[in-house]
Amino acid sequence: MLRLCYVLPSYDPDTATHLLHLYELLQRVDERVDLNLLVATSSGSRPYLRGNVTVIGTSNRLIKALRFLIVLTTSYIRGYRAFYSHYHTLSALWGSTLCRIFGGRTYVWCCVNHERYFSRWRLRWRDLNRKLLVDIPILLSLKWAQRVVVCSDHMRIHLTETFGIRPERVVVFEHWVNPLRYRPLPDMRRPVR
């Protein structure tokens, strides 16, 4: 059975973002693989999964980074050889490092035109800080991962042209949406109008 360590930036079942659909997908994935879910922050609710769930849940950046490194390393030691990072750069970098040295696979989700938000190269502390702590790590996470997962062919082309990532390393996985969530409710139509 595949053992997958999946990293999420947050878990909040009351969210109005695309992550809500991702939580449902993870429940389906959990039925088929040995899932180890690592979450940076949580609203207090725990995901309903069979596998392990670890919530880092601290606001101190140094402690949070150390906890991520420890949990990811422990996961690797426990036999998890596939790491999937959904918008979490540190885990993508550390998972890629472990897998490049000792073997395994890393997947990084990327559906943002990052270069639009990159800081300019200027001799200002804020710009240099952003370059060193955000922009360069994002680029490295895309370069080091065995596969970069995107939501569309447009993003696949964008990554290959903008960042020079080889097309065979980019996998298109369209957003998973549960269509049953969007069903007509004729009884509710009239009161809403």
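S4, helix H3 (residues 89-102) and S5 form a right-handed β-α-β unit; right-handed means that, with the strands pointing away from the viewer, the path from the first strand over the helix to the second runs clockwise. Helices (H or I, at least four residues) and strands (E, at least two) are DSSP runs, numbered from the N terminus. The model is predicted, and local features need pLDDT of at least 70, side-chain atom pairs pLDDT 80 or more, while totals for chains, interfaces and linings use all residues. Residues are numbered from 1 along each chain as its sequence is written, and side-chain values use heavy atoms, with hydrogens and water left out.

Strand S4 (residues 82-86) is largely enclosed by the rest of the structure, because five of its five residues are buried (under 20% relative accessible area, with exposed over 50% and partly exposed in between; 1.4 Å probe, protein chains only). In a regular strand the side chains alternate between the two faces of the sheet. Here Ala 82, Tyr 84 and His 86 point one way, and Phe 83 and Ser 85 the other.

S4 has a parallel partner in strand S1 (residues 3-11), joined to it by four bridges, with Tyr 6 opposite Tyr 84. Strand S5 (residues 105-109) also pairs with S4 in the parallel sense, over five bridges, and Arg 105 is the bridge partner of Ala 82. Pairing requires at least two DSSP bridges between two strands.

Most residues other than glycine have a negative phi. Tyr 87 counts as partly exposed because its relative accessibility is 31%.

These strands belong to an open sheet of seven with parallel pairing, in the order S3-S2-S1-S4-S5-S6-S7. Its edge strands, S3 (52-55) and S7 (170-172), each pair on one side only. S2 and S3 run parallel over four bridges, and Asn 36 stands opposite Asn 52 in S3.

The largest nonpolar core has 35 residues, and Tyr 6, Leu 8, Leu 37, Leu 142 and Leu 159 have the most contacts inside it. Such a core is a set of buried Ala, Val, Leu, Ile, Met, Phe, Trp, Tyr and Cys residues joined through side-chain atoms within 4.5 Å. Elements giving two or more residues to this core include S1, S4, S5 and helix H1 (19-30); H1 gives the most, with six. Another core, of 13 residues, lies apart from it and includes Phe 68, Leu 72, Phe 83 and Leu 98.
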